[in-house]
Amino acid sequence: MTTTTMTPAAPMAPLPVRKRTRTPGEVTAGMVKMALLVFFAAVILMPVYVLVITSIKSAAEYGAATAWSLPQAPTLAGWAAAWEALAPALLRSVILAVVAAAVSSMLGSMNGFVFAKWKFPGADIIFTMFLFGMFIPYQAVMIPLQALMINMNNTAPFLAGIPTLIIAHTIYGIPICTLIFRNYYATAVPSEILEAARVDGANMWRIYRSIVLPVSAPAFVVTLIWQFTSAWNDFLFALFLTNRNTGPVTYALMELASAQNPDYARTMAGVLIASLPTLVVYIVLGKYFISGLMSGSVK
Amino acid sequence: MGRVKNWWTGLLMVSPSILLVIVFVYGLIGQNVATSLEAAKTRSGRVLAEGGLANYVELLTWDRYQHALWNLLILTLVFVGGTMFFGLLWALLLEKGVPGEGFFRSVYLFPMAVSFIASGVVWRWLLDPGMGEQAIGLNKLFLMMGMPALQSTWWSSAGKFNMAAMAIPAIWQLAGYVMALFLAGFRGISEDQREAARVDGATEFQLYRHVLFPQLSPIALSALIIVGHMSMKTFDLIYAIAGQNSYVSEVPATLMWVQLFSLNNPVQAAANATILLAVIAVAVVPYLIYTNRTERAGR
């Protein structure tokens, strides 16, 4: 710490410090701070403004002159067209994201329990190997994965499209789900309780099911949200493993946006529709969303 | 609790996941590396790849690949620098608590919940290169604000640093994430330490410089690794903004797609992906080992 001489702490009386009146300097600083915060918030929200106003414009108002203006004759035609174009893919994305999130969370819970509380020899090394799987660029597995999946779809055509994507997202979601559950169990489940159950003769499966699983809800919320969001937002796997008829909503949105003679209202409405589910999750369950984010930092 | 007596039941429980990770992460990586070392010819007999390490020499000396690497370097420097700068700035503005903190936090973080495809569609419009009469997007906004000098061709010029513009939407999307990490870091430092420093006569600047920032360095490292590795993988965003065949905004991840499907050269695409993996591994593996060690020391 610094070695500046201690200034005699003026009159000791007015504590707590927080209640004292603020000096003019501090008031100005507070105002500057607030102005900056508002400015940055406006910058961040600017694309949202563009999306919303453009999505309710008619073609006559896309032009350069009125690019940033509010629509004179708002219409929902863009929304209707976007809905029509995206609805089948939206349904596919819902199935994909829900199933992939559920399965990888379940696997993550079982793995996390073992890596935190029921270690086998070499468990830490295996766990680190799992973690690395979180960081790999999927490009590095994509060529053989695509070949493998095409093979699989040839022998089992009913797995083509969304089931294939479910398999991919589930598998590549195992590392992060395992990490989240392991960290959760390491602190939330006291080893003494498990020890006691073991002394009473409960086997591992019983301990997991009756003691660990019932207290796992907080971690499940985190992994479910995280996996739902990543599966929903993914494009790379979708591009390599599906096509325009079987792909999720990101694929369909890309198709919509790359159409010749872009219909801006339809495209921008499509962006809003395709983003709404994850945004709702974020707004309603933001707290858990953030803990998922944090766990990405391994700590 | 550490290791238990009947550890094999734990091993049994994680064995499906271990198998999946070994096959789909490490097995497919191995297969990709094997592909990258193959020899390949076109149907007409032209040699695409000589085989062995010559494939890598070939790729690394290809001017198109070097151009993509340069683009990636610029993108990564601006992307990482920008997210760290704004993330830290926003965390500093918020960390002492301001009115409406929850609102600002949510606004800064919300782009994280949106897919790169969705945001890419909007940013393609915002970063439209049209100027003057043709201007839409940001260029039009600058004109309206009376700052025509700020107009730019953004990413679509052939300039050496055009990829800095591609970093803007990436920063928009992820700066809030870095903010959340730093904010959690600030909140994790006990109020006593600040009080102690103030009592010792430290100025606010000294307090941050000598007391708070040193404790945030593990978080800064995490943020650096996470954003850095995301930048290396950037594909969706460029695909959505620039289209699938844009030379000027090409990075290795998008070039791989071109090699695979336009140039029909999976061998070189595999070599490209392997290098991407190697670059990320060089940064991530030491980081994982380091985190693993500090975690064990903390136990």
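User: What percentage of the 299 residues in chain B is buried?
Analyst: This is a predicted model, in which local features need pLDDT of at least 70 and side-chain atom pairs count only at pLDDT 80 or more, while totals for chains, interfaces and linings use all residues. Residues are numbered from 1 along each chain as its sequence is written, chains are lettered from A and ligands numbered from 1 in the order in which they are written, and side-chain values use heavy atoms, with hydrogens and water left out. Buried means under 20% relative accessible area, exposed over 50%, and partly exposed in between, with a 1.4 Å probe and protein chains only. Of the 299 residues in chain B, the buried share is 53%.

User: Of the contacts in chain B between residues at least 6 apart in sequence, what percentage joins residues at least 24 apart?
Analyst: Contact means heavy atoms within 4.5 Å. The C-alpha atoms of chain B fill a box of roughly 80 × 75 × 30 Å along the principal axes. Among contacts between residues at least 6 apart, the share joining residues at least 24 apart is 67%.

User: What is the area buried between chain A and chain B?
Analyst: Buried area is the accessible area (1.4 Å probe) that two parts lose on being put together, summed over both. In this pair, 97 residues of chain A are in contact with 106 residues of chain B. Carbon and sulfur atoms give 76% of the buried area, which is about 9,100 Å².

User: Which three residues supply more than any other three of the area that chain A buries against chain B?
Analyst: The leading three residues together supply 8% of the area that chain A buries against chain B. They are A:Ile44, A:Trp68 and A:Phe135.

User: Which backbone oxygen does the side chain of B:Asn162 reach?
Analyst: B:Asn162 lies in the loop between H6 and H7 of chain B and counts as buried because its relative accessible area is 5%. Leaving aside neighbours within four places in sequence, B:Asn162 is in contact with B:Asn71, B:Trp154, B:Trp155, B:Ser157 and B:Val248. A polar contact is a pair of N or O atoms within 3.5 Å; within protein, one must be able to donate a hydrogen and the other to accept it, and residues adjacent in sequence count only if both atoms are side-chain atoms. At 3.1 Å, the side chain of B:Asn162 reaches the backbone oxygen of B:Val248.

User: What is phi of B:Trp154?
Analyst: B:Trp154 is found in the loop between helix H6 (137-144) and helix H7 (163-187) of chain B, and is buried with a relative accessible area of 12%. Most residues other than glycine have a negative phi. B:Trp154 has a positive phi, near 55°.

User: Is B:Asn264 buried or exposed?
Analyst: B:Asn264 is placed in the loop between helix H11 (252-261) and helix H12 (266-298) of chain B. Phi of B:Asn264 is positive, near 50°. Because its relative accessibility is 54%, B:Asn264 counts as exposed.

User: How far does the side chain of B:Thr234 lie from the backbone oxygen of B:Ser231?
Analyst: B:Thr234 is in the loop between helix H9 (204-233) and helix H10 (236-242) of chain B, and counts as buried at 12% relative accessibility. Leaving aside neighbours within four places in sequence, B:Thr234 is in contact with B:Leu75, B:Val251 and B:Ala253. Its side chain reaches the backbone oxygen of B:Ser231 at 2.8 Å.

Key
Helix = DSSP H or I, 4+ residues; strand = E, 2+ residues; numbered from the N terminus.
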